[in-house]
Amino acid sequence: MDLVGVAEIRVMLGNVSRQRASVIANQRNFPEPVAVLAMGKVWRKSDVAAWIKEYRPESATG
């Protein structure tokens, strides 16, 4: 299972700022994290990629 944090999500969104990636990750329709660690939340990469494809296709980079 590939996991991603906010740093990876910002790249997946086309190199948005870390703050913008955090705001997006906290949206109601964003996938639920699979875990919350001391370093922050982590998500399944496939869940985030599917969300980007549906809600932000113009910024999808993988």
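Helices here are DSSP runs of H or I with at least four residues, numbered from the N terminus. With that in hand, you can find your way around this predicted model.

**Leu-13, a loop residue**
- Leu-13 sits in the loop that runs between helix H1 (6–12) and helix H2 (18–25).
- Is Leu-13 buried or exposed? Its relative accessible area is 3%, and under 20% counts as buried, so Leu-13 is buried.
- In sequence, Leu-13 and Ser-59 are 46 residues apart, yet in space their C-alpha atoms are 5.1 Å apart.

**Helix H2 and its buried side**
- Three residues of H2 to look for are Ala-21, Ile-24 and Ala-25, which are buried.
- These residues lie on the same side of H2, because they cover an arc of only 95 degrees around the axis.
- An α-helix has 3.6 residues a turn, so residues three or four places apart point the same way.
- What do the buried residues of H2 pack against? Their partners are H1, strand S3 (40–44) and helix H3 (45–55).

- Met-1, Leu-3 and Val-34 make a nonpolar surface patch of about 310 Å².
- Of these, Val-34 is in the loop between H2 and strand S2 (35–37).
- Val-34 has a relative accessible area of 33%, which means that this residue is partly exposed.

**Aromatic rings**
- The model has 3 aromatic pairs.
- Phe-30, Trp-43, Trp-51 and Tyr-55 are linked into a cluster by ring pairs.

Key. Residues are numbered from 1 along each chain as its sequence is written. This is a predicted model: local features need pLDDT of at least 70, side-chain atom pairs count only at pLDDT 80 or more; totals for chains, interfaces and linings use all residues. Side-chain values use heavy atoms; hydrogens and water are left out. Rings of Phe, Tyr and Trp (its six-membered ring) pair if their centres lie within 6.5 Å; planes under 30 degrees apart count as stacked, over 60 as edge-to-face and the rest as tilted. Helices (H or I, at least four residues) and strands (E, at least two) are DSSP runs, numbered from the N terminus. Buried means under 20% relative accessible area, exposed over 50%, partly exposed in between (1.4 Å probe, protein chains only). Patches are made of residues with over 30% relative accessible area and no salt bridge: like charges are joined within 9 Å, nonpolar side chains (Val, Leu, Ile, Met, Phe, Trp, Tyr) within 5 Å. Accessible areas come from the Shrake-Rupley method with a 1.4 Å probe; for residues, only the protein chains shown count as cover. A salt bridge is a side-chain nitrogen of Lys or Arg within 4 Å of a carboxyl oxygen of Asp or Glu. The arc is that of the directions from the helix axis to the C-beta atoms. Contact means heavy atoms within 4.5 Å.
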